[in-house]
Amino acid sequence: MAFDKMELRDIEVWDGNFAAAQALRQCQVDVVSAYPITPSTPIVEGYAKFKSDNYVEGEFVMVESEHAAMSGCIGAAAAGGRVATATSSQGLALMAETLYQASGMRLPIVLNIVNRALAAPLNVNGDHSDMYMVRDSGWIQFDAFSPQEAYDLNFVAFKVSEDHEVRTPAIVNQDGFMTSHTAQGVHTIDDDTAFNFVGEYKPMNDMLDFEHPVTHGVQTEEDWHFEHKARQHNDMMTIVPGKIDAAFEEFAKLTGRKYNQVEQYDMDDADIAVVCMGTSVETAREVAKEMREKGIKAGVIGLRVFRPFPFASIANALKDVKAVAALDRSAPGGTPGALFNEIAGSLFNSDTKMLLSGYIYGLGGRDLTKKHLVDLYTELQANADAGKVLTQQQQFIGVRGPKLAYL
Amino acid sequence: MSEMKKIKNLKEFSTSADRFEGANLLCPGCAHSIIVREVLNATNDDLVLAASTGCLEVCTAVYPYTSWDASWIHIGFENGSTAVAGAEAMYKALKTKGRLKQPDRNPKFVAFGGDGASYDIGFQWISGCMERNHDMMYVVLDNEVYANTGGQRSSSTPIGSSATTTPAGSISYGETRNKKDMMGIMAAHNIPYAAQVAPNKWKDMVKKIQKGFATEGAVFINAVSPCTTEWKFDPKDTMHLTDLATDSLVFPLYEVIDGHELNITYRPKEKDIVPVEEYLAAQGRFKHLFKDQYKYLIKEWQERVDANWAYLNRREEARV
């Protein structure tokens, strides 16, 4: 029985979860192996309903845990076809072992992570601790700031991940609830155009090619392990960035929506800037605009690609800025935030005089308000004027109790 | 319809083309390789194989070599079952979509795991695969111990066995818990076919494996795999140990169809039944049981084996 196409309006009102589910449907994924968890559950439910209503021809396997979900994805990907799943937080933590196996085995898989805090204490709301936890797992990581982007980036993720020179799995992050459960207008792509963008899956080293048996997931010790891991890193550093740019370019030609690894807002003449991810980017842009009305030259950098980290683009975007704040939405656990460290690393051996300070915010779904950002930009401007960081380097925003500042 | 091999005798069987090469790192006398060959040689169909982390995996796929002349995957310790289930799902998807490279083939999906990977750490994954009734076969290479990591107890380790984490000592007779009834648990998933096999009874085994391959849906196989290293016997005696296991009824051979119809497939004549004591005495892991203070355990062992045999016979007779 042939599956049915779906007629979409040019603009649909979708939340981030449904947008991602629609993208998976349009990419004609061959196997989705998944396990539900808040707040990503509606992706899986949406896909299940598509399957029940004959909009999906591929297999949909509801397994018994997130670890099994990714294990099934790995087996399916090694067999030779398009594979995807979705999870959040504790589910990602349970899945973590297999993420390293998927990337080490060079299997293209797309994983939608609807970002949520990690317990304890148990919390279902959005922060980036799950995204950060797997930052060294060898997966490409995209970050969507809105339902539109959660939709669009899935197409890009398949295209990049499945490229034979890349063969590296990819994550599409979106903020739990703020993106995943917030309905917005989403410009759609029709089914045929969307599928043509990602294209037919081209298998490589596929287990179902019985004329060419392959062995997947071998043992290597001190004699070969290092070379394999070095090769993985090398390809992330040298091949993946160009493939992402090319996919962004092609997507822009198709839709008019142009993405960049580093999304710059009013950065051309910015004296001060905030670097952040997720839904905070939009809030930061709003406030930057208001600061400009007050004569403060504020800009925003939204990090579209978290892995491979776009060191050169970040350094280039920030080199002439006087004071920068890195906003990390993850409990740092005894160190500066990851963004702080990586921005510092991007510019450490350069001639920049940029002042960098780090802020921990929004843990467990705590709101980042415009007021917080006004205070933050004001603080940055004071640093810029003084030519030095006047506060401690790491501060917490929006946490009750005495002010927390370190370093 | 799948293609079943006609195998008349052991010579014909042992000389048929191997998709599991003799070039591997398993211990001399290891039963794993014998079992794997018996499973693979039961069919001429294409194979998609998985192994959980363990002896079989670390000894057969050390880069840049492989012992497998068939599609093979290893992910981790607990998920060999789900690896094959994922591949089986992809096969179904590509079949539906008309994208199989060789659409005329009839591949069989088989996962191997040791008892540690199966009774313990991978238990949930196997249960999931069985419950979802993937068209696959899961084979436990049951050597009743974490052999790959040096002999730690698993939930398959039988009572009185000295393992490195339950060592016999001045105040301990070793493992204190009895072996988990994995066959019973797997059959309780109401899967189409579950069977216990032993490599010495190769005709019985091939028959069951072929029955499993002909079955649509999930198949569970528990294969006894005497471990020369951890059971502590001479490598030349592997088949002798397997004979003792089956003929003492410590390891009875039977099958369970659709979760309820139990058939005993090997029934030694009364006079040929070996006392359990002989089975225990042949292995270093039970050596301490022959001290006076622990001899009562040997008696208990025999009673337990007798009771289990009686239970299996009642189940067979009752047809429930």
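Two strands are taken to pair if DSSP finds at least two bridges between them, helices (H or I, at least four residues) and strands (E, at least two) being DSSP runs numbered from the N terminus. By this criterion strand E9 (residues 215–216) of chain A pairs with E2(B) in the parallel sense over two bridges, and A:His216 stands opposite B:Ile73 in E2(B). The model is a predicted one, in which local features need pLDDT of at least 70 and side-chain atom pairs count only at pLDDT 80 or more, whereas totals for chains, interfaces and linings use all residues. Residues are numbered from 1 along each chain as its sequence is written, and chains are lettered from A and ligands numbered from 1 in the order in which they are written.

The pairing of E9(A) with E2(B) belongs to an open sheet of nine strands, in the order E9(A)-E2(B)-E1(B)-E3(B)-E4(B)-E8(B)-E7(B)-E9(B)-E10(B), with mixed pairing. Its edge strands are E9 of chain A and strand E10 (261–264) of chain B, each of which pairs on one side only. Within this sheet, strand E7 (residues 193–197) and strand E8 (residues 219–224) of chain B run parallel and are joined by five bridges, with B:Ala194 opposite B:Phe220 in E8(B). Helix H12 (residues 295–318) of chain B packs on the sheet and touches strand E9 (254–257) and E10 of chain B, its direction making about 125 degrees with that of E10(B); axes here are lines fitted to C-alpha atoms, for helices over the stretch in contact, and angles run from 0 to 180 degrees between N-to-C directions. Helix H2 (residues 31–40) of chain B lies across strand E1 (47–51), strand E3 (108–114), strand E4 (137–142) and E8 of chain B, and runs at about 160 degrees to E4(B).

E7(B) and E9(B) run antiparallel and are joined by three bridges, the bridge partner of B:Tyr193 in E9(B) being B:Ile257. E9(B) and E10(B), also antiparallel, are joined by four bridges, and B:Val256 stands opposite B:Leu262 in E10(B). These two strands form a hairpin with three residues between them, and B:Asp258 in the turn has a positive phi of about 50 degrees.

A further open sheet, of seven strands with mixed pairing, is formed in chain A in the order E3-E2-E4-E5-E7-E6-E13. Strand E3 (59–62) and strand E13 (305–307) of chain A stand at its edges with a single partner strand each, so one side of each is left without a neighbour in the sheet. Neighbouring strands of this sheet are turned by 20 degrees against each other on average, direction ignored. Strand E2 (residues 31–34) of chain A pairs with E3(A) in the parallel sense over four bridges, and A:Ala34 has A:Met62 as its bridge partner in E3(A). Helix H3 (residues 66–79) of chain A lies across E2, E3 and strand E4 (83–87) of chain A at about 165 degrees to E4(A), while helix H6 (residues 147–162) of chain A lies across strand E5 (110–115), E6 and strand E7 (170–175) of chain A at about 170 degrees to E7(A).

Chain A is divided into domain 1 (11–255) and domain 2 (262–406), with bounds that come from an automatic or database domain assignment. Where two residues count as in contact if their C-beta atoms, placed from the backbone, lie within 7 Å, the contact between these domains takes 26 residues from domain 1 and 21 residues from domain 2 of chain A. On the side of domain 1 that touches domain 2, E6(A) gives the most, with four residues.

The contact between the chains takes 39 residues from chain B and 39 residues from chain A. On the side of chain B that touches chain A, the elements giving two or more residues are strand E2 (71–73), helix H4 (80–97) and helix H6 (123–132) of chain B, and the largest share, 14 residues, comes from H4(B).

The largest nonpolar core has 216 residues, of which A:Ala273, A:Val275, A:Val324, B:Ala87 and B:Val110 touch the most other members. Domain 1 and domain 2 of chain A both give residues to this core, so it lies between them. Such a core is a set of buried Ala, Val, Leu, Ile, Met, Phe, Trp, Tyr and Cys residues joined through C-beta atoms within 7 Å, a residue being buried if 20 or more other C-beta atoms lie within 10 Å of its own, exposed if 12 or fewer, and partly exposed in between, with C-beta atoms placed from the backbone. Leaving aside neighbours within four places in sequence, B:Ala87 is in contact with A:Gly75, A:Ala76, A:Ala78, A:Ala79, A:Met207, B:Val48 and B:Phe109.
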